[in-house]
Amino acid sequence: MSGTEDSRPFQQVRLGTLEQQVMEQLWEHEELTIRELISGLGDHHAYTTIATVLSNLGRKDLVSGCRVGRSVRYRPRHPRSEHAARLMEQALSSSNDRSASILRFVKGMDDREAALLREYLNGHDGTGAPDPGSAPA
């Protein structure tokens, strides 16, 4: 579906407030140390608090760490758009009427978003594969 290289099942994607703030920092900067995250969050959090949040995000398969010298640099495992798509998929999975939920979601789109969706769907056949007759993007 998304064409990601990582085929591990995505676990819980809903985030707590601080988890969301940390992910926003990582998506904005792509890679940060714990000290850089603390600074980016306004120097209000203890080192151990952010380390715990990163550990939790790692268990949720949202961040990975890479040792560089004496510090560890953390980066998001998935782009923000993929995370948003997974949130939508999780929400749709909890619906007892998936079709109605999809239609309700589409009704809430503005004209630009609806045109983007229409263009995307017109370029694909019913299997989700690009329509062989469509021009490449």
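A salt bridge joins the side chains of Arg75 and Glu31, with an N to O distance of 2.6 Å. The two residues belong to distant parts of the chain, Arg75 being in strand β2 and Glu31 in the loop between α1 and α2, 44 residues apart. A salt bridge is defined here as a side-chain nitrogen of Lys or Arg within 4 Å of a carboxyl oxygen of Asp or Glu, and by this rule the count comes to 8. The structure is a predicted model, in which local features need pLDDT of at least 70 and side-chain atom pairs count only at pLDDT 80 or more, whereas totals for chains, interfaces and linings use all residues. Residues are numbered from 1 along each chain as its sequence is written, and side-chain values use heavy atoms, with hydrogens and water left out.

The protein contains 6 helices and 2 strands, where helices (H or I, at least four residues) and strands (E, at least two) are DSSP runs numbered from the N terminus. Along the sequence these elements follow the pattern α-α-α-β-β-α-α-α. Of the 137 residues, 25% are buried, a class that means under 20% relative accessible area, with exposed meaning over 50% and partly exposed lying in between (1.4 Å probe, protein chains only). The protein exposes about 9,800 Å², of which carbon and sulfur atoms supply 52%; accessible areas come from the Shrake-Rupley method with a 1.4 Å probe, and for residues only the protein chains shown count as cover. Among contacts (heavy atoms within 4.5 Å) with a separation of 6 or more, residues 24 or more positions apart account for 54%.

The pair of Arg75 and Glu31 is part of a network of salt bridges that links Glu31, Glu36, Arg73 and Arg75. Arg75 counts as partly exposed because its relative accessibility is 41%, and Glu31 falls in the class of partly exposed residues because its value is 24%. With a relative accessible area of 34%, Glu36 is partly exposed.

Helix α3 (47–59) has 13 residues and reaches 19 Å from its first C-alpha to its last, close to the 18 Å expected at 1.5 Å a residue, the expected span being 1.5 Å times one less than the number of residues. Its buried residues are Ile50, Val53, Leu54 and Leu57. These residues are on the same side of α3 because they cover an arc of only 100° around the axis, the arc being that of the directions from the helix axis to the C-beta atoms. An α-helix has 3.6 residues a turn, so residues three or four places apart point the same way. The buried residues of α3 pack against α1 (17–29), α2 (34–40), β1 and β2 (71–76), whereas Thr48 and Arg59, on the other side of α3, are exposed.

The loop between α3 and β1 (63–68) holds Asp61 and also Lys60. Lys60 counts as buried because its relative accessibility is 14%, and its side chain makes a polar contact of 2.9 Å with that of Glu19. A polar contact is a pair of N or O atoms within 3.5 Å; within protein, one must be able to donate a hydrogen and the other to accept it, and residues adjacent in sequence count only if both atoms are side-chain atoms. Asp61 is buried, with a relative accessible area of 8%, and forms a salt bridge with Arg77 in which the closest N and O atoms are 2.6 Å apart. This pair links distant parts of the chain, Arg77 being in the loop between β2 and α4 (80–93) and Asp61 in the loop between α3 and β1, 16 residues apart. Arg77, at a relative accessible area of 33%, is partly exposed.

Backbone angles were also examined. Most residues other than glycine have a negative phi. Asp61, however, has a positive phi of about 65° although it is not a glycine. Glu30, in the loop between α1 and α2, likewise has a positive phi, near 70°. Glu30 is exposed, with a relative accessible area of 59%, whereas Asp61 counts as buried at 8% relative accessibility.
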